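Student: Hey, could you walk me through this one? I'm new to it.
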Amino acid sequence: MAQKPKIDPHVGRLGYLQALVTEFQETESQDAKEQVLANLANFAYDPGNYQYLRQLQVLDLFLDSLSEENETLVKFAIGGLCNLCPDKANKEHILQAGGIPLITNCLSSPDEETVLSAVTTLMYLSSRGAGSHPELTSSPVVQCMLRFSLSANTRLRNLAQIFLEDFCSPSQVAEAQSQQAHSALGIPLPKTKAPQQP
């Protein structure tokens, strides 16, 4: 287990978050990076931290981490983005920074939580009926959601169905279905965790 960051309790929230970012950037330990990124993703859940996280460029840190080989870092990074993107300024930053392809790449992750966070993040980034970012509902994304809508995983199936119903036009769904019928390739479904034995 990585050690807790050595942080003065009197530095306040911004100072604490700054210390986490610095530790993430300076540590060589993968365990420490994972722990720090998990902490930052948890802080991203609180709207009171949004301004500080933008100021410290944590959104970019999360976006950069989506390209990591380490699946755990990717999981925490997409979870952090998912927590941040209900905020309009954060959403705009993610869209302007070219985050959509990085997020859609997470749809092919073998990790169930990563995929669930990616679908939810795409939903937050989509504007109902707006179509300002057509790549959010591009044919490969819609095909992926069609596959997920058949998943045995209830959470993934329900999220995919909501995405298809609320963010895609009937013509987009029909086009993706016809393309899917002619293609044997598809994004594999994430591995669902086996239920724990009591």
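Tutor: Buried means under 20% relative accessible area, exposed over 50%, and partly exposed in between (1.4 Å probe, protein chains only). This is a predicted model, where local features need pLDDT of at least 70 and side-chain atom pairs count only at pLDDT 80 or more, while totals for chains, interfaces and linings use all residues. Residues are numbered from 1 along each chain as its sequence is written, and side-chain values use heavy atoms, with hydrogens and water left out.

Student: Switching to α5: why is it called largely enclosed by the rest of the structure?
Tutor: Because 10 of its 14 residues are buried. Among them are L73, V74, A77 and I78.

Student: What sits at the start of α5?
Tutor: There, a side-chain oxygen of N70 comes within 2.8 Å of the backbone nitrogen of T72.

Student: New topic: how many salt bridges are there in the whole structure?
Tutor: A search finds three. The term means a side-chain nitrogen of Lys or Arg within 4 Å of a carboxyl oxygen of Asp or Glu.

Student: Where are D46 and R13, then?
Tutor: D46 is in the loop between α2 (30-43) and α3 (50-55), and R13 is in helix α1 (residues 12-26), 33 residues apart. Their side chains meet in a salt bridge at 3.2 Å, N to O. D46 counts as partly exposed at 33% relative accessibility, and R13 is partly exposed at 41%.

Student: What about D87 and R54?
Tutor: Their side chains form a salt bridge too, at 2.9 Å, N to O. That pair links the loop between α5 and α6 (88-96), where D87 sits, to helix α3, where R54 sits.

Student: And which residue does E113 pair with?
Tutor: R155, with the closest N and O atoms 3.2 Å apart. E113 is in helix α8 and R155 in helix α10 (residues 154-167), 42 residues apart.

Technical notes:
Helix = DSSP H or I, 4+ residues; strand = E, 2+ residues; numbered from the N terminus. Polar contact = N/O pair within 3.5 Å; in protein donor to acceptor, adjacent residues only side chain to side chain.
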